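Here's a quick walk through a few spots in this fold. Have the model open and follow along.

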Amino acid sequence: MESSSEGVARVGDGGVVEDSAHTEATGPETVVPGPVVQETVVPEAVVPEAVAPGVAAIAPASLSPSRAGDFMQCPLLYRFRVIDRLPEKPSPAATKGTLVHAVLERLFDAPAAERTAPRAKALIPGQWDRLRETRPEVVELFADDPEGERLAGWLVEAERLVERWFTLEDPTRLEPAERELFVEAELDSGLRLRGIIDRVDVAPTGEVRIVDYKTGKAPRAEYAEGALFQMKFYALVVWRLKNVVPRRLQLVYLGSGDVLTYDPVLADLERVERKLLALWEAIRLATQTGEWRPRPTKLCGWCDHQAHCPEFGGTPPPYPLPVTLPVRAAESEGGAQGRMGPG
């Protein structure tokens with residue numbers, strides 16, 4: 001689908017937003033929250049300070065694709081990232097993805113005829129310098145590489161990913177309506193959805209295509225639905241904002257040279273909305289009760305928070321938010337009666 005420069009308008013005013021587009025998603029699982037019960041505040045609830053130095057804990061107020069994926073992967077991981085906001089070390093793979101995304105975004109600043117592979121590769125050093133300035137923590141990735149050999153190899157890998165993109169799409173025929181588009185929409189329920197879309201194309205006939213770049217490999221067929229969850233999330237937000245169902249969702253896998261496409265229908269987006277509402281209810285209840293259960297998977301080996309995880313013999317930091325308990329539990333402890341609405 002060729003695109004015009006007119007289309008989806010930018011929504012929101014920027015700010016710090018969790019960007020799932022720059023991370024490799026795992027296949028979300030279906031979450032079935034428990035029943036909603038009347039709640040009561042525990043009078044003696046204590047709000048200890050957050051563990052992360054200088055960071056105040058806050059209750060979740062919105063949902064992005066990456067954080068939704070975190071909760072479905074492991075509720076305790078969600079807590080560590082969203083509520084405790086524990087620091088995490090940058091990884092070479094994720095940082096490489098951020099770099100490649102920046103290059104592909106900036107390439108469209110050039111006239112169509114000049115969007116070539118050599119020009120794109122020439123952007124890498126400058127974008128790497130910019131990334132080090134805006135995120136100084138990435139410098140430590142190569143702190144033990146005084147000769148720069150690992151860094152040189154890492155940059156070559158980034159070049160290969162950029163080059164591969166030209167075998168999958170022709171940027172000289174594309175005029176994106178939006179790049180790195182921040183979107184935010186509030187559902188009728190009050191749930192706020194937000195995220196950043198890598199690219200939005202709009203055809204002269206008005207059809208909208210949402211495109212996301214992945215620097216990893218395409219998933220096997222049985223995991224394709226999980227990979228599309230993020231894209232359907234974005235499609236839902238665009239539909240709620242513009243009352244337009246995107247014509248196509250497109251995942252471009254630079255690691256394997258594959259392109260995964262899906263043409264959603266309204267029923268798809270309605271199903272995603274119901275799933276997100278159920279997910280948010282589960283998050284709300286966990287936030288109020290302080291019960292964030294770990295869910296061990298093979299991904300635990302890459303988790304930065306093993307020292308705080310019971311599955312690895314660790315202890316979570318003191319819960320930094322007020323705790324409420326279901327009425328039944330509070331009555332058994334002689335607690336006061338009352339009702340607390342959604343946070």
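S64 sits in the loop that runs from strand 1 (39-41) to helix 1 (65-73). Helices here are DSSP runs of H or I with at least four residues, strands are E runs of at least two, and both are numbered from the N terminus. This is a predicted model, where local features need pLDDT of at least 70 and side-chain atom pairs count only at pLDDT 80 or more, while totals for chains, interfaces and linings use all residues. Residues are numbered from 1 along each chain as its sequence is written, and side-chain values use heavy atoms, with hydrogens and water left out.

Is S64 buried or exposed? S64 counts as buried because its relative accessible area is 4%; the cut-offs are under 20% for buried, over 50% for exposed, and partly exposed in between (1.4 Å probe, protein chains only).

P111 lies between helix 3 (92-107) and helix 4 (117-122). With a relative accessible area of 47%, P111 is partly exposed.

| Pair | Apart in sequence | C-alpha to C-alpha |
|---|---|---|
| S64 and R192 | 128 residues | 8.8 Å |
| P111 and E175 | 64 residues | 9.7 Å |

Last stop, a hairpin. Strand 5 (residues 248-253) pairs with strand 6 (residues 258-262) in the antiparallel sense, over five bridges; pairing takes at least two DSSP bridges between two strands. Across this pairing, Q250 stands opposite T261 in strand 6. Four residues lie between the strands of the hairpin, and G257 takes a positive phi near 75° there.
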